[in-house]
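Subject: Handing over the structure

Hi,

Here is the structure I promised to pass on to you. Have a look at it, and then read on for what turned up.

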Amino acid sequence: PKNVGILAVEIYFPPTCLQQEALEAHDGASKGKYTIGLGQDCMGFCTEVEDVISMSLTAVTSLLEKYAIDPKQIGRLEVGSETVIDKSKSIKTFLMQIFEKSGNTDIEGVDSTNACYGGTAALFNCVNWVESSSWDGRYGLVVCTDSAVYAEGAARPTGGAAAIAMLVGPDAPIVFESKIRASHMAHVYDFYKPILDSEYPVVDGKLSQTCYLMALDSCYKSLCNKYEKLEGKQFSIDDAAYFVFHSPYNKLVQKSTARLMFNDFTRNASSIDESTKEKLAPFSSLTGDESYQSRDLEKTSWQVAKPFYDEKVKPATLIPKQVGNMYTASLYAAFASLLHNKHSSLAGQRVVLFSYGSGLTATMFSLKLHEGQHPFNLSNIATVMNIEEKLKSRHEFTPENFIETMKIMEHRYGGKDFVTSKDCSLLAPGTYYLTEVDSKYRRFYAKK
Ligand code: ACO
């Protein structure tokens, strides 16, 4: 098979959200801390009738319906998630309800987990399967689904929730440039979930920021080296039309952009003009460690990187700024934002993505975009996702209502023997929702 990649994308995020400005005021944070300091506008979250299983049921069903894909045509289904509902039974098995109905139980794949990276692992698995000798000619389907919730405190405004489904196969409009790819993996305790009866992570926020930026540097350097060996010429930020980042909060994406530019400066790449060289020159002798600590470098590199950000990064920030960190879905929600904003001019372009999962696992990889054939073409993908409408039709909660919801969810997490309110009045038609968890912890869902 040729041109293996992503054929179609569907995104679902809860219709319930909270303005960061309101949360900021409620928390007694200084004005602008969440909106400018973190760069976030709004945060989506699941209420007691939604979870990662219902969201992924909704995303998968919607993708199959909107692209008229017979469930029998799916030969591999992979899920990436770090939201643990069951320590053994995969989310993939819940999704099998959709496929069993049409008589298809012959579907490989299970769940992949490592913080926000599981979705990328799932996607690579599906692409590799289609490219392998075990491929049976059917489509792969990748689902990234997470509910990111934090205990009260500094990390709480960096929550979010979403599910994304991506159809994988040959002759795709979004093709993997599999040789242009580099990873960085290490053992670190920056963000982890050792408390098994709580949904909340243990997080060392500052360490996680540094780990993210170090992983970014390492992946970028390695990707540049591989490209140069392969193509016989230098790689720089000029060689991609867009850069898409895993987006825990927008400020970190801004810092990442500045960091890429600083990398090109230290590599003496052709992307760096004379005036930028002059501005960054005072930082050329910093050691790696010093460079992560230097506020002056951060300030100066952001100042020179701002036009690069506006042109090549900002188009991929819409959903992450509006919904928040969606963990495994964050990177692909950022990519979906790019498709939404730029679908008419993406054909022929290279897009570089950076996936990061704490703990840590990270990969930078390259995609080449083509217009594609209906229904698997860029503009149809944007139309089907209908992002503008989904964002517009959300309902804003007050911080008090949001906190009340978090309390109910804390209480319900890992629980049994309860029925939900079954109140689906805020959900769009076709949305799945949780109705009951019985005395044997079995979960039941209905479709609106
Ligand atoms: N106006 C404008 N900016 C402000 C204001 C204000 N009133 N007040 C503070 N700020 C800025 C700060 O200067 C800082 O910006 P800087 O980083 O450029 O210096 C920023 O707001 C954040 O404020 P801090 O006090 O530095 O950090 P805080 O204690 O709020 O914690 C953090 C932020 C660490 C991101 C926290 O939310 C967190 O732990 N989140 C979860 C971890 C995470 O997402 N890590 C990323 C990678 S791992 C993953 O994906 C889960």
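Predicted model: local features only at pLDDT ≥ 70, side-chain atom pairs only at ≥ 80, totals over all residues.

Strand β12 covers residues 350-357 and strand β13 covers 361-369; they run antiparallel and are joined by eight bridges. If you want one spot to look at, V351 has L367 of β13 as its bridge partner. The loop between these two strands holds L360, and there is something to see there: the peptide bond from G359 to L360 is cis, with omega near 10°.

Both strands belong to an open sheet of nine, with mixed pairing, in the order β5-β4-β6-β7-β1-β8-β13-β12-β11. Which strands stand at the edges? They are β5 (111-112) and β11 (242-245); each has a single partner strand, so one side of each is left without a neighbour in the sheet. Helix α5 (residues 118-131) packs on this sheet, and among the strands it touches are β1 (5-12), β4 (74-80), β6 (139-148) and β7 (160-169). The direction of α5 makes about 160° with that of β4. Helix α6 lies across β8, β12 and β13, and runs at about 125° to β8.

While you're on α6, follow it to its end. The helix spans residues 205-231, with E231 in it. Is E231 buried or exposed? It counts as exposed, because it has 12 C-beta neighbours inside 10 Å, and 12 or fewer is what that label asks for. For a sense of scale, E231 and Q20 are 211 residues apart along the chain, and their C-alpha atoms are separated by 45 Å.

α6 also has a helix partner. Its axis and that of helix α7 (residues 250-266) come within 10 Å and cross at roughly 35°, in a right-handed crossing. On the α6 side the contact includes Y212, L213, L216 and Y220, and on the α7 side it includes L252, K255, R259 and L260. Sorted by class, the contact of α6 with α7 has six nonpolar, three polar and four charged residues.

The axes of α7 and α10 come within 8 Å and cross at roughly 95°, which means α7 is roughly perpendicular to α10. Among the residues that meet there are A258, M261 and F262 in α7, and W302, A305 and F308 in α10. This contact divides into nine nonpolar, three polar and two charged residues.

One more helix pair: α12 (residues 330-342) and α13 (residues 378-385). Their axes come within 9 Å and cross at roughly 110°, which makes α12 roughly perpendicular to α13. The crossing of α12 and α13 is left-handed. Here A336, L339 and H340 in α12 meet L378, I381, A382 and M385 in α13, and the contact has six nonpolar, one polar and no charged residues.

Now for the other strands. An open sheet of three has the order β17-β18-β19, with antiparallel pairing; β17 (418-419) and β19 (443-447) are its edge strands, each pairing on one side only. Five bridges join β18 (residues 432-437) to β19, and Y432 has K447 of β19 as its partner. Helix α3 (residues 52-66) lies across β18 and β19, at about 145° to β18.

Strand β2 (residues 16-19) is worth a click too. It runs parallel to β16 (residues 395-396), with two bridges between them, and T16 has H395 as its partner there. With β3 (residues 42-44), β2 pairs in the antiparallel sense over three bridges, and Q19 stands opposite C42.

- The peptide bond from H374 to P375 is cis, with omega near 5°; P375 sits in the loop between β14 (372-373) and β15 (376-377).
- A68, in the loop between α3 and β4, has a positive phi near 50° without being a glycine. It is exposed, with 7 other C-beta atoms within 10 Å.
- Y327, in the loop between α11 (318-323) and α12, is not a glycine either, yet has a positive phi of about 45°. Y327 is buried, with 31 other C-beta atoms within 10 Å.

Cheers

How values were computed
Residues numbered from 1 in each chain as written. Axes fitted to C-alpha atoms, helices over the stretch in contact; angles between N-to-C directions. Helix = DSSP H or I, 4+ residues; strand = E, 2+ residues; numbered from the N terminus. Parallel < 35°, antiparallel > 145°, perpendicular 65-115°, else oblique. Left-handed = near helix turned anticlockwise from the far one by under 90°. Contact = placed C-beta atoms within 7 Å. Nonpolar A, V, L, I, M, F, W, Y, C, P; charged D, E, K, R; others polar. Pairing = 2+ DSSP bridges. Buried ≥ 20, exposed ≤ 12 C-beta atoms within 10 Å, placed from the backbone.
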